[in-house]
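Student: Hello! I am new to this structure and would like to learn how to read it. Could you guide me?

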Amino acid sequence: MTHSIYLDHAATTPVDKRVLAAMQPYFAEAFGNPASVHQYGQQAEGAVEAARETVAAVLNCSSREIIFTSCGTESDNLAIRGAAYSARERTQANRILTSRAEHHAVTKTAGQLAQHQGFAVEWLEMDEYGRTQPLAVRDALGPDCALVSVMYSNNEIGTINPVCEIAAECRVHGIPMHTDAVQAAAYLPLDVDALGIDLMSLGGHKFYGPKGVGALYVRQGTRLMPSQTGGSQESGLRAGTHNVPLVVGFAKALELAQQERAQRTAHVTSLRDHIIGTVLEQIPDSCLTGSPDTRSPNHASFAFKDVDGNLLLILLDAAGFACSSGSACKTGDPEPSEVLTALGLARPWSLGSLRVTVGKDTAAVEVDTFLRGLPQLVEKARALRHDQS
Amino acid sequence: MSGGVDSSVAAALLKEQGFDVVGMMLRLWSEQGRDDSNRCCAPESVALARRVAAQLEIPFYVVDAKDAFRATVVQAFLDGYGRGETPNPCLQCNRKIRWTLLLEHALALGAELMATGHYARLEPDPRGKLRLLRARDLAKDQSYVLHVLNQDQLRRAVFPLGDRSKTEVRRLAALRSLPTATRHDSQDLCFLAGDDYRHFLRRNRPEMLVPGTIVDLQGQVLGEHAGLANYTIGQRKGLQVHSQAPMYVVRKEIAANRLVVGTQVELGAGSLMAADVNWLAGEPMPGPFRAQVKTRYTATEKPALVTPLDEGGWVRIAFDQQQRDITPGQAAVFYVGEAVLGGGIIQ
């Protein structure tokens, strides 16, 4: 593959060298199954528990409140399905409050529960930045609510939700609140007491950890019905042999993210702002999607009128820039994303979305090269669309 | 790339020859709600093309041409049947999609040339113009469908399989363990998704399948037809007529919804007129010339005299012998030696 400039950190990030080094011993040297009685197992278990403690320290919670999973999606599934079934069993509560701006791991899970398991999903109102307002939650809450799920920061449009305020509303009613923090974890603070949430999903590969591992924070007292049953790992909440090297990598990556948060955030924020400012200024018929001021530090997302978003990504890739969008589909059949459609963005705009997400190692010169190339590529995409009609 | 063995091998050969290759696939159209989508872009085809690209280590992109394909190729197909013609949509696709829309996208990506797995050859002539020649494998030759190209398009074209036989191509694919090596070729129109074209017409042009009368050349009623779209010129099978001699479809009368049939002798036509002629060299021949003419993709070539009319936009083709299957809507393509000189739409 010819080397191109990677601007898709919201999709995934490379594993940090230090994380890789931390993982290495657990593949072929300290390879034991943590559930085994013998010393191989003890050694592996020690690594998993040390990782758990590290994660708990970052989140400011107890080790017992951390469950390791295979990814952020699994964490979302476990949180939503687990809390919903559990709540219904105890109190007959069967209403789930969430938003159309959530990741599919949340919306599809809630949708399945509604379609096949007799739950009701209520879609909370969003503002024009896709933000869920605390008052909207307050108005919708009731004793029949099993769970509220509102993401911390949005993967498509970067908007940061008022999670603390929403959690406070839920607390008043005693309803469990879940937040999908998969996108947020790379740059935003994760203190669960400050946030006030009861459940929080994380995915390792978004903050320079490996793919294939995630975690779910479960506040003491929050009941979950487990989905993956079998062995007694993770306090019976998530059976399955731990992927020890990945768990170790997850913890190391999260620890580094917290230690280096200030400088990483400063670095990406300035690049992000430069991108946003330049694009809106230089490219006609362009707009920023998501909140202009409460947005993820590394996240720039746009809509370009009369542009085929999928085609723009292809032109960008051919020119050496790796980006993504909310409406692209690998099979080339683009439909606008639900998020952009729910925001009321008209079709000629919503089909032309572009997401540019920088990372801790993105160089300013890379961003400059990208910004120099983008305007004519947008023009090319517009010209090609015109020829077709 | 189509997910078929031909385009896979074409890509492989070019990569091995040192070209900077990028794989592109078109997302075409098929009817909504049909279980089997357009074969050319069905998920299975895309997945195969993508795997081939990954194996060859070339970038791979899918370009959306759904609306354009529906508006040009499919629409022309339906309109053609509506006029009583038998259209060849692959020609329209080459005119409006593959060598225009797809080529434009390829150039926009920075490509200089566009290659396909077509069996055909290109050769420069002494004046520097490009000639389109039949493939070496005459049974697979696809120069007929490429007769619509102009010199600009030919200059951008590469046909790596022109000198190879199909058997050889399959062998080359197998040697490289390409996942498409044993995939069988589709003979049907891509957007029919394996369905019969008559069912497609019934859903989209139901008036073409309204029963009517069958008459002979004298106007005498001989029977009933099941809808004009079911028949093509020269067809003998499926005619529900009472007659002594075998009868063949001679023409379709749209306005009266009548099918006119005749005997073999009556069927024969000595000449045809073709319009919208494309001359590969970029200009018409100055006067009448002898050529071998194919009146269908699957027809054998027949000797004829081709006379350009109206500054070359039309030609009159007079065959040495009576022909039985001259079908309006199909293309008449004329060859001199191995080269395609041009072709037009039979009126």
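Student: Is C90(B) buried, exposed or partly exposed?

Tutor: Welcome! First, some ground rules: this is a predicted model, in which local features need pLDDT of at least 70 and side-chain atom pairs count only at pLDDT 80 or more, while totals for chains, interfaces and linings use all residues. Residues are numbered from 1 along each chain as its sequence is written, with chains lettered from A and ligands numbered from 1 in the order in which they are written. Now to burial: a residue is buried if 20 or more other C-beta atoms, placed from the backbone, lie within 10 Å of its own, exposed if 12 or fewer, and partly exposed in between. C90(B) has 19 C-beta neighbours inside 10 Å, so C90(B) is partly exposed.

Student: Which helix holds C90(B)?

Tutor: Helices (H or I, at least four residues) and strands (E, at least two) are DSSP runs, numbered from the N terminus. C90(B) belongs to helix α4 of chain B, residues 89–108. M285(B) is 195 residues away from C90(B) along the chain, and 26 Å separate their C-alpha atoms.

Student: How do I read a strand, and which way do the residues of β2 in chain A point?

Tutor: In a regular strand, side chains alternate between the two faces of the sheet. In β2 of chain A (residues 66–69), I66(A) and F68(A) point one way, I67(A) and T69(A) point the other way, and all are buried.

Student: What joins β2(A) to β8 of chain A?

Tutor: Strands pair if DSSP finds at least two bridges between them. Here β2(A) and β8 (residues 214–218) run antiparallel and are joined by four bridges. In β8(A), G214(A) is the bridge partner of T69(A), and A215(A) is the bridge partner of F68(A).

Student: What is the strand order of the sheet?

Tutor: It is an open sheet of seven strands in chain A, ordered β2-β8-β7-β6-β5-β3-β4, with mixed pairing. β2 and β4 (120–123) of chain A are at the edges with a single partner strand each, so one side of each has no neighbour in the sheet. On average, neighbouring strands of this sheet are turned by 20 degrees against each other, direction ignored; the axes here are lines fitted to C-alpha atoms, and in general angles run from 0 to 180 degrees between N-to-C directions.

Student: How many helices and strands does chain A have?

Tutor: Chain A contains 14 helices and twelve strands. Its radius of gyration, taken over C-alpha atoms, is 21 Å, close to the 21 Å from the globule rule for 389 residues, so chain A is as compact as a globular protein of that length. That rule is 2.2 Å times the number of residues to the power 0.38. The C-alpha trace of chain A spans about 65 × 50 × 35 Å along its principal axes, and 54% of the 389 residues count as buried.

Student: Which domains does chain A have?

Tutor: Domain bounds come from an automatic or database domain assignment. For chain A, that assignment gives domain 1 (17–259) and domain 2 (261–388). Their centres, taken over C-alpha atoms, are 29 Å apart. Domain 1 of chain A brings 19 residues to the contact and domain 2 of chain A brings 21, where contact means C-beta atoms, placed from the backbone, within 7 Å.

Definitions and conventions:
Contact = placed C-beta atoms within 7 Å.
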